[in-house]
Amino acid sequence: MKFFKPDQYTIYYKGYPKLYIRVKPIFWWLKKWTSFRFILRELTSLAVGYYAVILILIINAINQGSETFQDFQSWFSSPLAIIINLIALALATYHSITWFSLAPKAMVIQIGEKKVPGFLISGMNYGAWVVLSGALIWFFLK
Amino acid sequence: MKKSNEPFWWAMFGAGGVLSAFFIPILIFLFALAFPLGWLPAPSFDQLEMLTSSLIVKLFLFALIFLSLFHWAHRFRFTLYDGLQVKHLNELIAVLSYGTALFGTVAAGWVLFFG
């Protein structure tokens with residue numbers, strides 16, 4: 001048997017104590033900044049999945065030869081593609097930030113008796129992220 | 001009690017979350033914006049072809065794509081579940097999300113190792 005606590009979305013009929021109807025609007029998460037941020041964080045997965053698909057398409061275009069690859073490259077210059085990719089970049093960056101700031105909850109590191117403080121673990125993650133990104137830019141530009 | 005396979009999906013979600021957090025933003029920036037739009041000098045086609053023919057790069061890309069897709073599938077499934085409240089379609093959504101991720105993983109394996 002399932003129980004739930006009545007909340008602001010619960011409709012309660014007088015005289016029918018066992019009848020609860022819960023109506024939660026689809027866009028309930030727009031009402032509060034914290035719940036909006038939560039859903040936004042969950043939606044970053046769309047950017048991650050989207051770019052995984054783009055990677056498959058890029059690799060496929062490289063396999064097909066330089067002409068197909070150039071055709072595919074020109075798609076990235078269309079206004080729609082630029083808007084989509086800018087949004088994807090923003091969401092993916094938000095994913096990284098939220099992921100690394102939650103890292104201390106997922107990995108608890110102990111040195112001897114002492115627990116490594118959370119900000120250090122987050123900091124190490126952010127640091128590694130910046131170094132890796134910089135290294136990739138350097139690799140492609142050298 | 002029914003044995004739950006939730007920890008398995010969660011592990012994939014976590015591994016994909018880490019890999020994508022480190023690599024997806026910079027790869028979007030370089031390969032979807034900076035190189036095609038000429039903000040930065042792009043590597044030549046031959047250089048890219050050479051790069052993607054190396055086994056280490058292939059394995060890395062496969063891991064990145066595969067885990068990113070399952071990260072998406074798991075998180076998107078729960079976004080629909082918690083966010084849009086479509087609880088009655090839970091099983092259908094799970095099958096479609098993980099199924100799509102699996103399909104993408106096969107496609108990635110195909111273009112990387114048989115393309």
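Of the 142 residues that make up chain A in this predicted model, 33% count as buried. The accessible surface of chain A comes to about 9,600 Å², and carbon and sulfur atoms account for 69% of that surface. Chain A contains four helices and four strands, which follow one another from the N terminus in the order β-β-α-α-α-β-β-α. When contacts between residues at least 6 apart in the sequence of chain A are considered, 31% of them join residues at least 24 apart.

The contact between the two chains was examined next. The size of an interface is often given as the accessible area lost when the parts come together. For chain B and chain A, the area buried between them is about 4,500 Å², with 79% of it on carbon and sulfur atoms. On the side of chain B, the residues that lose the most area to chain A are B:Phe22, B:Phe45 and B:Arg75, which together make up 16% of what that side buries. The contact draws 49 residues from chain B and 50 residues from chain A. Between the two chains there are six residue pairs in polar contact, counting pairs in which both residues have pLDDT of 80 or more. On chain B, the elements that give two or more residues to the side touching chain A are helix H1 (6-34), helix H2 (45-52), H3 and H4, and the largest share of that side, 18 residues, comes from H1 of chain B.

Side chains of opposite charge can pair when their charged atoms come close. Over all chains, the structure holds three salt bridges, and the count between chain B and chain A is one. In that bridge the side chains of A:Glu42 and B:Arg75 meet at 3.6 Å, N to O, and the pair crosses from helix H1 (residues 33-64) of chain A to helix H3 of chain B. B:Arg75 is buried, because its relative accessible area of 5% is under the 20% limit. A:Glu42 also counts as buried, with a relative accessibility of 8%. The side chain of A:Glu42 meets that of A:Arg41 in a further salt bridge, at 3.0 Å, N to O, and A:Arg41 counts as partly exposed at 23% relative accessibility.

Within chain B, a salt bridge joins B:Arg77 and B:Glu6, whose closest N and O atoms are 3.5 Å apart. Because B:Arg77 lies in helix H3 and B:Glu6 in helix H1 of chain B, this pair ties together parts that are 71 residues apart in sequence. B:Arg77 counts as buried at 8% relative accessibility, whereas B:Glu6 is partly exposed, with a relative accessible area of 27%.

Chain B also carries a nonpolar surface patch of about 590 Å², made by B:Leu55, B:Leu59, B:Trp110, B:Phe113 and B:Phe114. Helix H3 (55-83) and helix H4 (90-113) of chain B are the elements that give two or more residues to this patch. B:Phe114, by contrast, is placed in the segment after H4, and B:Phe114 counts as exposed because its relative accessibility of 60% is over the 50% limit.

How values were computed:
Residues are numbered from 1 along each chain as its sequence is written. Chains are lettered from A and ligands numbered from 1 in the order in which they are written. This is a predicted model: local features need pLDDT of at least 70, side-chain atom pairs count only at pLDDT 80 or more; totals for chains, interfaces and linings use all residues. Side-chain values use heavy atoms; hydrogens and water are left out. Buried means under 20% relative accessible area, exposed over 50%, partly exposed in between (1.4 Å probe, protein chains only). Contact means heavy atoms within 4.5 Å. Accessible areas come from the Shrake-Rupley method with a 1.4 Å probe; for residues, only the protein chains shown count as cover. Patches are made of residues with over 30% relative accessible area and no salt bridge: like charges are joined within 9 Å, nonpolar side chains (Val, Leu, Ile, Met, Phe, Trp, Tyr) within 5 Å. A salt bridge is a side-chain nitrogen of Lys or Arg within 4 Å of a carboxyl oxygen of Asp or Glu. Buried area is the accessible area (1.4 Å probe) that two parts lose on being put together, summed over both. A polar contact is a pair of N or O atoms within 3.5 Å; within protein, one must be able to donate a hydrogen and the other to accept it, and residues adjacent in sequence count only if both atoms are side-chain atoms.
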